[in-house]
Amino acid sequence: MTPSEFAADYNSFLNDCIDFFTDKMRGKHRSFDFSAWDTDDEPERHAAVQANTENRQPNCNHNTLSQPNVSAQVKSNTLAMIETGRKILKCQACALHKNSAMRFPGCGSVSSRIFLIAEPVTPMEERERYALSAAARTFFDKWLTSIGLSEDDLFVTNILKCCLGNSNPSVEMIDTCRKHLNAQIELVNPQIIVTLGQLPISSLKRAAVNLAAEHGIPVKYNDRTVLPLFSPAFVLANPAFKAPLWEDLKKLKSMLGNS
């Protein structure tokens, strides 16, 4: 696959994620000429060349590049995020890629306030082409709406970029994906990182976390604030945890307001 073909496919994937997240039917999205990616594989230089050429900018991440008054830095970071996605889709660094039908680079704007890290993708989520299952996404979206947040506030990805399937997560898998995750965090530069479920927060802390005792307690990861939450799927299966999740979400809203 050429770089331009990848950019077009990833652009379409991001738009599908956005449409799915907002409960919209597949809409019409602007098309762009990605041919420059075939001759220039360095996103920083490519972004500098195209900074003032709107009709050659990828239409990804909530149309960031085609919006007026968007800074050159945001445009450059968006192109760099696409390049990071290309590396993720080509990654064969661990055994998971052999049985994963697709990869999950994530979706959202590089100017999102929240960087959301979900648990590894299940086969169901792989079929639905999103980081969370439809039921979990719908449930979590309602909670976000109730505290005044929306998909525009989120960049959503998974702790592992391939479907876990029947495999057990290993330290090797997590550390292999960490370089992609760290690159994305730096590009988004969020006010706060939110983890959903035990594995993401344990992976960031490099230690087993008792989420029942440590949920809603901010920790640090590479000098950034991380707020660990229960996963929506877990709360759906265990309704008694709705009240603690609600308190944690209110804390999230307060932390964003004070940032």
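Contact means heavy atoms within 4.5 Å. The model is predicted: local features need pLDDT of at least 70, side-chain atom pairs count only at pLDDT 80 or more, and totals for chains, interfaces and linings use all residues. Residues are numbered from 1 along each chain as its sequence is written, and side-chain values use heavy atoms, with hydrogens and water left out.

**Core.** Leu252 and Leu249 touch the most other members of the largest nonpolar core, which has 56 residues. Helix α6 (residues 171–188) supplies the largest share of this core, seven residues. A nonpolar core is a set of buried Ala, Val, Leu, Ile, Met, Phe, Trp, Tyr and Cys residues joined through side-chain atoms within 4.5 Å. Buried means under 20% relative accessible area, exposed over 50%, and partly exposed in between (1.4 Å probe, protein chains only). In soluble globular proteins, nonpolar side chains tend to be buried together.

**Chain.** The chain has ten helices and six strands. These are DSSP runs numbered from the N terminus: helices are H or I with at least four residues, strands E with at least two. Of the 259 residues, 55% are buried. Among contacts between residues at least 6 apart in sequence, 72% join residues at least 24 apart.

**Helix pair.** The axes of α3 (residues 72–90) and α6 come within 10 Å and cross at roughly 170 degrees. Axes are lines fitted to C-alpha atoms, for helices over the stretch in contact, and angles run from 0 to 180 degrees between N-to-C directions. The two helices are therefore roughly antiparallel, a label for angles over 145 degrees. On the α3 side, Asn77, Ala80, Met81, Thr84, Lys87 and Ile88 take part; they meet His180, Ala183, Gln184, Leu187 and Val188 of α6. By class, this contact has six nonpolar, four polar and one charged residues. Here Ala, Val, Leu, Ile, Met, Phe, Trp, Tyr, Cys and Pro count as nonpolar, Asp, Glu, Lys and Arg as charged, and the others, Gly among them, as polar.

Most residues other than glycine have a negative phi.

| Residue | Phi | Loop |
|---|---|---|
| Asp223 | about 65 degrees | between β5 (219–221) and β6 (224–229) |

Asp223 has 74% relative accessibility, so it counts as exposed.

Technical notes: Angles under 35 degrees count as roughly parallel, over 145 as roughly antiparallel, 65 to 115 as roughly perpendicular and the rest as oblique.
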